[in-house]
Amino acid sequence: MSEPRAPYDGSVRRRRLVALALLVPIAVATAAWALTYTPVFDAKHVRVQGAVTLRPDDVRSLAQVEPSTNVFHLQPDAVTARLLTDPWIASATVAKDLPDTVVLTVVERRPVGVIDAMGDRAVLASDGTMLPASAATADTIATLPSVEAGLGSLDDTQRAAAAALLSALDPVVEQRVTHLTVGQDLSESLTLRDGVTVDAGTPGNEDAKATALRAVLRWATTGGHVLASVDVSAPDAPSATLADGSTLTP
């Protein structure tokens, strides 16, 4: 006569089901995480936006994002920090477009002048930052006015004054400026392509001075007046000296 079978313990079955229910998501998550390290997430496309003076390849190199870079595990903040080490880049953002694309967006500082000192050339940015001229093309350099001190070399205060005035100019006027001199007292004088000189006085009211200069130049062009010099040191009352020596307040 056989021994009676022990009654089935339903709790054992329930424990097995619970354990299985816990293990399945873990296994799926582990597999998914392992997938993020596969070539599926290699940076096959690295797009650069906003580069004007800098070459896209230089931006990619600076960012250190290569075809083998893993997009999923890429740290945008670290890449942004590397981009900002270049003085030409004022700000930058890094975006990931999974699975294989990285977008590098840079905002460059705007060049407003060229400074030659002791045989070294640098580009002056609108915020007063000194930028390496090696990154700029010959065409860019050729369009920028030269900036120099009335005596000796430009100091930080003189550079800041020059940058503020040049960056305030209307683009149409900016293209006509070939030279800017900053005195020891920070008085500023512009020279235009046609030889007209502009007395901008000492720093302050740069936007008003730029507006006044644009108005005087427009007045001279529409009225057929040949200018010799312009004084916008007091922008509310600018004056113009004509080629015949007469001085007018337009």
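Reader: How many residues apart are R159 and D156 in helix α5?

Author: R159 and D156 are three residues apart in helix α5, so about one helical turn separates them. Helices here are DSSP runs of H or I with at least four residues, strands are runs of E with at least two, and both are numbered from the N terminus. This is a predicted model, in which local features need pLDDT of at least 70, side-chain atom pairs count only at pLDDT 80 or more, and totals for chains, interfaces and linings use all residues. Residues are numbered from 1 along each chain as its sequence is written, and side-chain values use heavy atoms, with hydrogens and water left out.

Reader: What do the side chains of R159 and D156 form?

Author: They meet in a salt bridge, 2.1 Å from N to O. The term denotes a side-chain nitrogen of Lys or Arg within 4 Å of a carboxyl oxygen of Asp or Glu.

Reader: Which salt bridge links E174 to another residue?

Author: E174 pairs with R110, their closest N and O atoms being 3.1 Å apart. The pair links distant parts of the chain, with E174 in helix α6 and R110 in the loop between β3 and β4, 64 residues apart. E174 is buried at 16%, while R110 is partly exposed at 35%.

Reader: How many salt bridges does the whole structure hold?

Author: The search finds eight.

Terms used
Buried means under 20% relative accessible area, exposed over 50%, partly exposed in between (1.4 Å probe, protein chains only).
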